[in-house]
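Try each task before reading its solution.

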Amino acid sequence: MSLSLAGAFCNVPEGIRILTVAEDQFQIETASDGGGAALDISHYPPGIWNDYEYLTAEIYHECHDVLVIIFKFQDTSGRAISVHYGILPHVTTRLCFPLTALNGEKLFLERFPGVLQSVIRGDSFVDRSRMDGLSICTIPSVSARKFEVSGLRLTQSVPDFTYEPKPYVDGLGQLSWKEWQGKTQSASEMDSALRGELAKARQEAASNVPTSPFGGWTNLRFSATGFFRTEFDGLNWWFVDPDGYALFSAGIDCIGPSSEMRVTGMEHLLPVLPDREGPFKDAWSGHGYSPFIANLIRVFGESWREGWSELTERRLKDWGINTAGNWSDPDFIAGSKLPYVYPMHSFPSTQAAIYRDFPDVFSPEYEEKALGFAKQLTALKEEKRLVGYFMRNEPQWAFVDGLNLTEEMLRSPVPLVSKYRLIAWLEDKYASVGRWNAAWESSFDSFLDLLDNEKAAAAGNEARRNDCMLFNRLMIRRYVEIPARACKAADPHHLNLGMRYAWISNEDLLEGCEAFDVFSINCYQFQPDRALIERISKRLKRPVMIGEYHFGAADSGLPAYGIRAVATQPDRGLAYRYYVEQAAAIPELIGVHYFQLNDQTVLGRFDGENYQIGVVDVCQRPYQAFVEQMKIAHQNMYEVRTGRIDPFTQAPEEIPKTGF
């Protein structure tokens, strides 16, 4: 059983053109600033959305790059959730949105065949039984957009995902239907380029910045402790290496030989791939196939890993990189001389969560899991090259701006331990149900009424909102402090580098972060947010580092350019230099790590990201215009930080992103 939603649109904005092609098929055209329109669903009963499990559609477009299409759902209370899909050009893609996702419990959705990344944004949930609006739109681009939608309907089952074969990448893993400057034309060209670069690198000196054995700047020295630490010298915060030398950490994330490509569900877009056994077996893994490794095998044969490791170590030194960033290859780290950071895994969870990945923090289970979590640091506690560890990356619960976890907990029917702790906290504060009801303007019979999610979910006044906000801070503080305390007990020597929040969606995220030695945040902007960094550092009395940022360019071999984009590779180099030198001029900021070494693959990694953000492409060849500016930035950064020269100020022009 299914219900077609193709029909009239309402309140179509100026600049949007909608053309009906057939009964079940329409086209949407937008100007370069994007946009879309709302479907007229007023003649459907709001509750009808409970009768179906999926929203499905087919999308086709011939735009120059990935189309980011957004379906926005809204309920009668004004809450809204948007799902963002990445759609490849020139191939039909079937979308399948599970309506259960409107409960907001997932940030990333299951990846169906042919689809790139699928991401949820917006409020914490939408009431599916009170649906009030559905719109379709796209984000801004460098040019006008035109896309076709067919088969838009509500269904009770997943659609068929049979596609016509259409090879989309060539044998080297490059986009097959586009040419660009620097595209590798053959395996022999790649072989000559990589072998020639390695031979030349063996004869040349590395970066001329004076460094210690641990990568520190030898022109500034503090007391040595034998491990990395931090210090404020009265003007600037610094990392201090084990020998006492100052370090501004310029790192790259994901230093490894591979960006894997998901094969399952994308078979119709692939050429014939090498066998899983035989010479190319190392290019295959449980996550898919790596054209990056396959290309290394084509050049270096069975010694591909040794060839890649030597080439990469020499490259990083020449480029001025002084830290191996998050998720870098453990074998490379073991054989390298670079300082590195450690990404902890298996952050403590509880059987029942409050919202998304936020655990029941008052449960004894959380404390027990935190102790187990910290044990992974025991083997590293004497490691001199280890700068520090990140407890986790981008908690998914924190992607909802202004999220109040207390209200989400009260909406849940689960008798969470933290809910009982809230009840005890309110009893202690108000002493009697009468005083509590008077403050909240409510009519509860008992504090235990909060265990009934239907009674507890009633709209509240300012006193209720304030109490929920205060308890929200208590829970976040506990969320941070319990594992941080366990980690410091397991490894007293190394720096706790925090949780790498995606952004500060709520000031409450800073609760408990005094437990970190360094506060980390990912900052996808054209320059670091100086005011935010100053504010965080002043509040926590801690330095700040940036765990991720990147720039993609539209003139190369991938159809998506990431979260921040420019037109050309030379512009991308200028963007890198501008970011790093501006960062070095911020006293509270002690490091920036670029995401990532390799481009992503044309058909997407495990979750569908396929961004042109790497320092090297799929044929393992560096983007030279980018690298040259990277080297200049690293040569200048200490002079900038100590005030001897001004930071670079020529930011290139930004173009609209193709990020999901």
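**Exercise 1.** Find which ring the charged end of Arg 572 sits over.

*Solution.* Start with the rule: NZ of Lys or CZ of Arg must be within 6 Å of the ring centre and within 35 degrees of the ring normal. The ring is that of Phe 626, with its centre 4.1 Å from the charged end of Arg 572. Likewise, Arg 392 has its charged end over the ring of Phe 347, 5.2 Å from the centre.

This is a predicted model, where local features need pLDDT of at least 70, side-chain atom pairs count only at pLDDT 80 or more, and totals for chains, interfaces and linings use all residues. Residues are numbered from 1 along each chain as its sequence is written, and side-chain values use heavy atoms, with hydrogens and water left out.

**Exercise 2.** Work out how the rings of Trp 436 and Phe 444 are arranged.

*Solution.* Rings of Phe, Tyr and Trp (its six-membered ring) pair if their centres lie within 6.5 Å; planes under 30 degrees apart count as stacked, over 60 as edge-to-face and the rest as tilted. By this rule there are 39 aromatic pairs. Trp 436 and Phe 444 are stacked, at 4.7 Å centre to centre with 10° between the planes.

Next, Trp 436 also stacks with Phe 447, at 4.5 Å and 15°.
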